[in-house]
Amino acid sequence: MILAGDVGGTKVHLALYNFAAGKLTPVRDHKFPAADFNCLDDVVKAFLPDAAEKQQIAAACFGCPGPVRDGRLKLTNLPWTLDARDLQSSLGIEHIFLINDLEANGYGIPELAEDKVFTLHTGDASSVGHRGLVSAGTGLGECLLIWDGKLRRHHPIPSEGGHCDFAARNEREVRLLNYLRTTLNGRVSFERVVSGLGIKNVYAFLRDSEKLEEPQWLHDRMAGEDPNVVISECGEDGSSEICAQTLSMFASAFGAEAGNLALKVLAMGGMYLGGGIAPKILKTMQNGDFTAAFLDKGRLSPLLQSIPVRIILDETCALLGAAAYAEARAAELSGRSEREASVTVRRN
């Protein structure tokens, strides 16, 4: 069996997969609140209390937020430092790999069923070439999917592009930038606007600086529930103007940054939107704000018009990618040929 993990800033999603005849089959999975644990080892041990089941695991891979260097990384949004060698020793699993979370998503894209991908902008769906992946969740992750024409597969190249400088494009975004420069005491990255944290930042700007009304009922809900859930629900159903405008500004900035990455990687093979936010606000994502900003690239706008944009609806995409990577790398280290390894990684 293969153990796969998607380590996020708020939750750790673990899953077991069987691999047979070139196909990954899910066995079981579970989500754990990251804040309830001191380290990843403890999360895995909670997921695998049965020693006999753990002994069946041939390899494991965890997609994690942040740059992985020599099998080691300090997580971006969690106070954890991970080392693949330490995990091997602690968990007793022979092959353990750490890769960037967006890299894991990149490996998972070829495994997605057709109904798990929503086409936001059609573009030229027949075009083949590099792809881009932008995921808005707890943070903002980005990945380049480089097309290898000879092997006919995409190679995920992790990036920390979500931490690049936020670029204001209109007067309201200039005011947002200045507001965040004050509240954050300095530099503002795209992640401060396009992420779960960003949604709360935009809402606060509209309330405090733009003076949009926050009704008492909304104030009470924001105080007692997850603010992002409240903003998303009330913005999508139209019950709150400030929430609707928050989502509109978020979607527009999301589209602008997706267009930026599309230009940088020349993503003729399409742009993919991952993370947990976009699937939850599909109505807003389709209202035109995202697409208008994505296409608004001056003389290069016709190029963007030809690039498809697709939203990943399957929350297990990173798990599939991590499992595929673990199986293929373990096969390589065990001396099996690439032909025997997972077709997931080979055809990606």
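Figure 1. Glu 332 is exposed, with a relative accessible area of 53%. Here exposed means over 50% relative accessible area, buried means under 20%, and partly exposed lies in between (1.4 Å probe, protein chains only). The model is predicted: local features need pLDDT of at least 70, side-chain atom pairs count only at pLDDT 80 or more, and totals for chains, interfaces and linings use all residues. Residues are numbered from 1 along each chain as its sequence is written, and side-chain values use heavy atoms, with hydrogens and water left out. Glu 332 meets Arg 329 in a salt bridge, 3.3 Å from N to O. A salt bridge is a side-chain nitrogen of Lys or Arg within 4 Å of a carboxyl oxygen of Asp or Glu. Arg 329 is partly exposed, at 23% relative accessibility. Why are Glu 332 and Arg 329 separated by about one helical turn? Because they are 3 residues apart in helix H13 (residues 317-333). An α-helix has 3.6 residues a turn, so residues three or four places apart point the same way.

**Figure 2. Helix H13 as a whole.** Helices (H or I, at least four residues) and strands (E, at least two) are DSSP runs, numbered from the N terminus. H13 has 17 residues. From first C-alpha to last, H13 reaches 24 Å, close to the 24 Å expected at 1.5 Å a residue. That expected span is 1.5 Å times one less than the number of residues. Of the 17 residues of H13, 14 are buried, so this helix is largely enclosed by the rest of the structure. Gly 335 follows H13, and its phi is positive, near 90°.

Figure 3. In one of them, Glu 53 pairs with Arg 28, and the closest N and O atoms are 2.7 Å apart. This pair links distant parts of the chain. Glu 53 sits in helix H2 (residues 51-55) and Arg 28 in strand S3 (residues 23-33), 25 residues apart. Glu 53 counts as buried at 15% relative accessibility, whereas Arg 28 is partly exposed at 31%. Asp 208 forms a salt bridge with Arg 207, again with closest N and O atoms 2.7 Å apart. Both partners are partly exposed: Asp 208 has a relative accessible area of 33%, and Arg 207 has 30%.

**Figure 4. Helix H5 and its buried side.** H5 (residues 171-183) has 13 residues. Its first and last C-alpha atoms span 18 Å, close to the 18 Å expected at 1.5 Å a residue. Which residues of H5 are buried? They are Glu 173, Leu 176, Leu 177, Tyr 179 and Leu 180. These residues cover an arc of only 165° around the axis, which puts them on the same side of H5. The arc is that of the directions from the helix axis to the C-beta atoms. The face turned away from the buried side carries the exposed residues Glu 171 and Thr 182. Helix H6 (196-208) and helix H9 (241-265) are among what covers the buried residues.

**Figure 5. The two ends of H5.** Asn 170 caps the N-terminal end of H5. One of its side-chain oxygens lies 3.2 Å from the backbone nitrogen of Arg 172. After H5 comes Asn 185, whose phi is positive, near 60°.

**Figure 6. Nonpolar cores.** A nonpolar core is a set of buried Ala, Val, Leu, Ile, Met, Phe, Trp, Tyr and Cys residues joined through side-chain atoms within 4.5 Å. The largest nonpolar core has 51 residues. Those with the most contacts inside it are Val 194, Phe 254, Met 271, Leu 273, Met 285, Phe 290 and Phe 294. H9 gives the largest share of this core, 12 residues. Apart from it lies another core, of 29 residues, including Val 12, Ile 57, Phe 62 and Leu 82. In soluble globular proteins, nonpolar side chains tend to be buried together.

Figure 7. Contact means heavy atoms within 4.5 Å. Leaving aside neighbours within four places in sequence, Phe 290 is in contact with residues including Leu 120, Phe 254, Leu 273 and Val 309. Ser 135 lies in strand S9 (residues 131-136). Ser 135 is buried, at 8% relative accessibility. Not counting residues up to four places away in sequence, Ser 135 touches Leu 102, Leu 140, Gly 141, Gly 274 and Gly 275.

Notes
Polar contact = N/O pair within 3.5 Å; in protein donor to acceptor, adjacent residues only side chain to side chain.
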